[in-house]
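Subject: Structure handover

Hello,

Please find the structure below.

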Amino acid sequence: MSAYKKILVAIDLTEEAPQVLEKARLLRDSHNADLVLVHVVEPVGYAYGGDIPMDLTELQDQLDKAAREQLKTYGQQYGVGEPDQIVTVGRPESEIHRLADDLKVDLVIVGSHGRKGFQLLLGSTANGVLHGSVCDVLAVRIKDST
Ligand code: AMP
């Protein structure tokens with residue numbers, strides 16, 4: 001196996017995210033690779049449905065800001081500089097595929113399950129990322145705290 005050169009780690013900002021980040025740090029260090037962090041903010045309109053016209057821009061901006069702040073904290077903890085802390089808006093699996101392609105990463109790391117896939121062996125995002133990925137994908141087994 002050749003060494004990974006560029007690793008993208010996708011984090012969902014739940015309390016399990018550090019488990020994924022720890023593994024990403026180990027791999028980054030052992031492969032002497034570059035590490036990029038990404039969090040995808042889902043458009044609030046998706047969850048809300050949009051039956052009543054409402055301006056959700058402010059809420060979206062707040063989510064975006066909170067994500068950037070959390071990524072900054074993780075960046076400091078895990079030694080990832082600001083240019084490699086990416087917050088984007090969209091569907092997580094699509095955005096992760098797009099970034100993996102744009103940034104030419106050779107490994108994507110996700111957690112085995114998070115908020116959406118708690119009862120599943122493999123969460124929906126991990127599953128979605130795995131399907132259609134053109135590079136290796138590592139699903140870090142999340143250990144439930146309960
Ligand atoms: P889930 O699909 O919620 O079970 O999440 C499984 C894993 O997918 C998480 O541990 C993260 O690595 C990744 N993931 C889920 N949602 C996001 C998101 N919004 N942004 C980036 N990564 C995510």
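For exposure, buried means under 20% relative accessible area, exposed means over 50%, and partly exposed is in between (1.4 Å probe, protein chains only). This is a predicted model, in which local features need pLDDT of at least 70 and side-chain atom pairs count only at pLDDT 80 or more, while totals for chains, interfaces and linings use all residues. Residues are numbered from 1 along each chain as its sequence is written, and side-chain values use heavy atoms, with hydrogens and water left out.

Salt bridges

A salt bridge is a side-chain nitrogen of Lys or Arg within 4 Å of a carboxyl oxygen of Asp or Glu. The count by this rule is eight. Helices (H or I, at least four residues) and strands (E, at least two) are DSSP runs, numbered from the N terminus.

In helix α4 (residues 92–102), Arg98 and Asp102 are four residues apart, about one helical turn. Their side chains form a salt bridge at 3.0 Å, N to O. Arg98 is partly exposed at 36% relative accessibility, and Asp102 is partly exposed at 47%.

Arg68 is partly exposed, at 42%, whereas Asp64 is buried, at 18%.

Glu69 and Lys65 are likewise four residues apart in α3, and their salt bridge has an N to O distance of 3.7 Å. Here Glu69 is partly exposed at 46% and Lys65 is exposed at 53%.

The sheet

Two strands pair if DSSP finds at least two bridges between them. Five strands make an open sheet with parallel pairing, in the order β3-β2-β1-β4-β5. β3 (85–89) and β5 (136–140) are at the edges with a single partner strand each, so one side of each has no neighbour in the sheet. On average, neighbouring strands are turned by 25° against each other, direction ignored; axes are lines fitted to C-alpha atoms, for helices over the stretch in contact, and angles run from 0 to 180 degrees between N-to-C directions.

Strands β1 (residues 6–10) and β2 (residues 34–41) pair in the parallel sense over five bridges. Ala10 stands opposite Val38 in β2.

Both helices described above pack on this sheet. α3 touches β2 and β3 (contact means heavy atoms within 4.5 Å), and its direction makes about 160° with that of β3. α4 touches β1, β2, β3 and β4 (107–111), at about 130° to the direction of β3.

Regards
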